[in-house]
Amino acid sequence: MARRIKSPDDDKPKKKKKRATKRKADSTSTEVDVRKPLVAVVMGSDSDYPVVASCIETLEEFDIPYEARVISAHRTPEKAHKFASTARLKGFQVVIAAAGGAAHLAGVMASLTTLPVIGIPIQTATLGGADSLYSTVQMPGGVPVATVAIGEAGAMNAALLAAEILALSDETLHDRLQAFRAAMRRKVAQKNARLREMIANP
Ligand code: C2R
């Protein structure tokens with residue numbers, strides 16, 4: 001699957017050379033990642049992947065084991081039902097669901113599990129993603145979906161939010177999040193210095 005990876009600021013921790021999913025995908029490697037995936041990343045279609053890639057890359061950079069798959073609440077309702085209702089039993093701790101248009105996937109996931117569900121609204125050609133945003137965020141009381149922004153920043157934030165949830169009981173992950181924030185602060189300080197320099201010396 002083609003990947004378009006981009007982070008808004010390049011502020012994430014350095015890439016690890018050996019990443020969980022890479023090891024799995026490399027048929028020549030003898031290393032096997034035996035960790036159970038903690039985050040389920042579901043998307044309504046593979047056409048969502050260019051945006052979801054930012055989420056996946058962020059999970060990988062934080063070394064969070066995940067499983068990604070295409071499931072549609074509309075097109076494969078039985079699968080969606082089975083996946084969501086067994087997700088907790090399988091050991092997942094967070095579900096991230098990305099969908100565009102009549103984006104009911106995250107809501108359906110949330111209706112069938114008590115795991116925290118994070119929704120990524122995918123930008124659409126017709127309505128710019130407002131359709132995805134509203135159908136993801138406007139859940140009825142009782143069934144929450146933590147909805148992030150439309151697009152890649154939202155996809156990255158979905159992974160960060162999942163990391164923050166997992167970091168409640170994982171100090172190593174918490175340290176990585178702190179390092180990420182520190183790198184972001186340094187980057188902003190650099191930007192500020194550059195801007196002031198530019199204004200002082202036009
Ligand atoms: P195709 O590109 O496959 O036609 O999909 C997908 O997330 C995608 O953005 C077009 C769009 O349909 C969305 N889709 C949903 C759901 N299933 C697919 N919104 C759902 O169950 O919510």
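This is a predicted model: local features need pLDDT of at least 70, side-chain atom pairs count only at pLDDT 80 or more; totals for chains, interfaces and linings use all residues.
Visitor: Hi! Which residues of α3 are exposed?
Guide: In α3, E78 and T86 are exposed. Residues are numbered from 1 along each chain as its sequence is written.

Visitor: And which residues of α3 are buried?
Guide: A80, F83 and A84 are the buried ones in this helix, which covers residues 77–86. They line one face of α3, because they fall within an arc of 90° when you look down the helix axis. That arc is taken from the directions from the helix axis to the C-beta atoms. E78 and T86 are on the other side.

Visitor: What covers the buried residues of α3?
Guide: The cover includes strand β1 (39–43) and helix α4 (105–112). Helices (H or I, at least four residues) and strands (E, at least two) are DSSP runs, numbered from the N terminus.

Visitor: How many helices and strands are there?
Guide: The protein chain has seven helices and five strands. Along the sequence they follow the pattern α-β-α-β-α-β-α-β-α-β-α-α.

Visitor: In what order do the strands sit in the sheet?
Guide: The order is β2-β1-β3-β4-β5, in an open sheet with parallel pairing. Strands count as paired if DSSP finds at least two bridges between them.

Visitor: What holds paired strands together, in general?
Guide: Strands of a sheet pair through backbone hydrogen bonds, and they can be parallel or antiparallel.

Visitor: How many bridges join β1 to β2?
Guide: Five bridges join these parallel strands, and M43 stands opposite V70 in β2. Strands β3 (residues 94–100) and β4 (residues 117–122), also parallel, are joined by six bridges. There, A97 is opposite G119 and G100 is opposite I122.

Visitor: Which residues cover each face of β4?
Guide: V117, G119 and P121 are on one side, with I118, I120 and I122 on the other, and all are buried. Six of the six residues of β4 are buried, so the rest of the structure largely encloses this strand. β1 is also covered on both faces, with V39, V41 and M43 on one side and A40 and V42 on the other.

Visitor: New topic! Is L38 buried or exposed?
Guide: L38 is buried, with 20 other C-beta atoms within 10 Å. This residue lies in the loop between α1 (20–25) and β1. F92 is 54 residues away along the chain, yet the C-alpha atoms of L38 and F92 are separated by 4.4 Å.

Visitor: What else does L38 touch?
Guide: Leaving out residues up to four places away in sequence, its contacts include I64, P65, Y66 and L166. Two residues are in contact if their C-beta atoms, placed from the backbone, lie within 7 Å.

Visitor: And where is A155?
Guide: A155 is in helix α6 (residues 152–167). A155 is buried, with 29 other C-beta atoms within 10 Å. C55 lies 100 residues from A155 in sequence, but the two are 4.7 Å apart, C-alpha to C-alpha.

Visitor: Which residues come nearest to the ligand?
Guide: G44, S45, S47, A73 and G100 come nearest, out of 17 residues around the ligand. To be near, a residue needs its C-beta atom, placed from the backbone, within 6 Å of the molecule or strand in question.

Visitor: Last one: what is the average pLDDT of the protein chain?
Guide: The average is 89, and 84% of the residues score at least 70. Over residues 1–27 the pLDDT is below 50, and this stretch has 41 contacts in the model beyond near neighbours in sequence. pLDDT is the predictor's confidence in each residue, from 0 to 100.

Key: A residue is buried if 20 or more other C-beta atoms lie within 10 Å of its own, exposed if 12 or fewer, and partly exposed in between; C-beta atoms are placed from the backbone.
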